[in-house]
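Here is a friendly briefing to read alongside the model. Keep the viewer open and follow the topics in turn.

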Amino acid sequence: EATTGARRRALKKQHGCLPPKHIPTKDPILGLDRFFKNLKAYKEHRQLEAWGQELTDNNAHTIMLSILRQTIFVTDDPSNVKTMLATEFDDWSIGSERISSMTSFLGKGIFTTEGAAWKHSREMLRPCFERSQVADVSIMEKHTARLIDLVPKDGATIDLAPLFHNLTLDVSTEFLFGQSTNSLDPGQEKSCDEFVEAFEYCQDPFKENISWFSILSQFLPDPRFKRCIKVIQEFIDGIIESEIASRTSKPDSATNRYVFLDELLSQTSDLTRIRSELLNILLAGRDTTASLLSNIFFELPRHPSIVSRLRREIAEHVGRDPPTYQQLKEMKYLKAIINESQRLYPIVPTNSRQAVKDTLLPHGGGPDATAPLFVPKGAVVAWLSRAMHRREDIYGPDAEAFNPSRWLDGEHASSPLRPGWGYLPFNGGPRICIGQQFALTETSYVVVRLLQEFPVLESRDDEPWREKLSITVTGLGGAKVGLRDFGEG
Ligand code: HEM
């Protein structure tokens, strides 16, 4: 029997692996200097940039770091990411940390499981998403119209970000549960405020204020967290029960609206399972789409010529009526704008996987990190989509600029752009975002409707984009704009 060491040496030799570029810390035991550097960057809202800078400073696309006694590899190399997410999918776990921290809040569902349990979730949910695609647009009009009602039409400054947040919550709950939180409707009694507050509390581990106390409190019991979980569970259970009751009282054809929960009820009768899947999807789909919309409305008013071209496309494809699903799909420039926003500001800007056995990555070894890399069982590899999306060797020398034309063949110096695994807003491989189409439809719909409604769109903020980082990232400054409608005449 070969020892682990001998086996590993043989594996490295066989594949020509070289040692990684290890970035030393001043504190060699805990790596505390790096920890404090990260904390400082986080507080200054430039953590993502600082991580990317670490790669640039070391002139390598893959490095090895030690933080608080944990060794992690950091990469912005597309072939490494492809290996973890697709080619060698079975060698990689979503990580014990993610599973334990998120299961307590979301339960076991598509986002928090792996292996056979995850496969089962994915198979059960896929048809629900496929069937929902065309129906989405009808849900969106009602909520978008409410958002438009709340926007001042005389050019007064408004931050659209909180409204997008409410919009995606109202749309997601209507789509998933058949009952909307209606947070944008001033006339509705807010019966779900308690649920919304509890859901938001559980989602943000640092409660937006990272400090010594908030870090320490991660290790202390949190009675409020427990109370919030109870509120969330009771709220969803109530919805599931009322949906079951309405299914029994009405035959299938009595309602023609699409409800995800109905689809799910026809696949399983396990209520705990249904509750968990709904929460998993609500978490995955809500803030992400709201942040994407905010980022688009951060950039658009800063680029009047891009807005003019988009308006021409809307006029040609849609006119003044609300867009159909088919029309949205045909709008190439709109798609290029969404792509470009997700390139510069990917909503899931960094992610990681943990090796479930000794394994290999194609790059990361040797002084220039281009030789194969040996990764021991248990090691964590983080990838930086934000840094990868700004690589000049993939996107050209203007990689830091917002320029949707780069996505249109023949319109940019690096055309045709085919970034492959160098562009990953929704990840790739078997765990690719299952709600991608839903998110793109919702985003496209809202962009088109707002531009149709408001011929004037002005920026009211000259700050650069800065990050507000939690599990996902959103723009700290939101989307402050001034809008004017067509007026009375
Ligand atoms: C702009 C919006 C969105 C972005 C950027 C986004 C991004 C992502 C990414 C990067 C992942 C992979 C996470 C990982 O494996 O570590 C993911 C997974 C997932 N997303 Fe999205 N997402 C968006 C919207 C949505 C929407 C609207 C839904 C549902 C309505 C949704 C449902 C999911 C689910 C259920 C998963 C887990 C899939 C699995 O593990 O098999 N997402 N998303």
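What pLDDT does the protein chain average, and what share of the residues score at least 70? The chain averages 89, and 92% of the residues score at least 70; pLDDT is the predictor's confidence in each residue, from 0 to 100. This is a predicted model, so local features need pLDDT of at least 70 and side-chain atom pairs count only at pLDDT 80 or more, while totals for chains, interfaces and linings use all residues. Residues are numbered from 1 along each chain as its sequence is written. The model scores ipTM 0.99 and pTM 0.93.

**Around the ligand**

- The ligand has 23 residues around it, and Ala284, Gly285, Thr288, Cys433 and Gly435 come nearest; a residue is near a molecule or strand if its C-beta atom, placed from the backbone, lies within 6 Å of it.
- Helices α13 (271-299) and α19 (436-453) each supply at least two residues of this shell, where helices (H or I, at least four residues) and strands (E, at least two) are DSSP runs numbered from the N terminus.
- The largest share, seven residues, comes from α13.
- By class, the shell has 14 nonpolar, seven polar and two charged residues; Ala, Val, Leu, Ile, Met, Phe, Trp, Tyr, Cys and Pro count as nonpolar, Asp, Glu, Lys and Arg as charged, and the others, Gly among them, as polar.

**A helix pair**

- Helices α14 (residues 304-317) and α16 (residues 332-344) pack at an angle of about 140°, and their axes are 8 Å apart; axes are lines fitted to C-alpha atoms, for helices over the stretch in contact, and angles run from 0 to 180 degrees between N-to-C directions.
- That angle makes α14 oblique to α16, since angles under 35 degrees count as roughly parallel, over 145 as roughly antiparallel, 65 to 115 as roughly perpendicular and the rest as oblique.
- From α14, Ile306, Arg309, Leu310 and Glu313 meet Tyr333, Leu334 and Ile337 of α16; two residues are in contact if their C-beta atoms, placed from the backbone, lie within 7 Å.
- The residues of this α14 and α16 contact divide into five nonpolar, no polar and two charged.

**The three-stranded sheet**

- Three strands form an open sheet in the order β4-β12-β9, with antiparallel pairing; two strands pair if DSSP finds at least two bridges between them.
- Its edge strands are β4 (154-159) and β9 (456-459), each pairing on one side only.
- From one strand to the next, the twist averages 25°.
- Strands β4 and β12 (residues 480-484) pair in the antiparallel sense over four bridges, and Thr157 has Gly482 in β12 as its bridge partner.

**The five-stranded sheet**

- Five strands make an open sheet in the order β1-β2-β8-β5-β3, and the pairing is mixed.
- Strands β1 and β3 (92-93) stand at the edges with a single partner strand each, so one side of each is left without a neighbour in the sheet.
- Six bridges join β1 and β2 (residues 70-75) in the antiparallel sense; Met64 stands opposite Phe73, and Leu65 stands opposite Ile72.
- The β1 and β2 hairpin has two residues between its strands, and Leu68 in the turn has a positive phi of about 45°.

**Backbone spots to check**

- Most residues other than glycine have a negative phi, and most peptide bonds are trans.
- Asn59 is not a glycine, yet it has a positive phi of about 55°; Asn59 lies in the loop between α3 (47-57) and β1 (62-67).
- The peptide bond from Ser415 to Pro416 is cis, with omega near -5°, and Pro416 sits in the loop between α18 (392-395) and α19.
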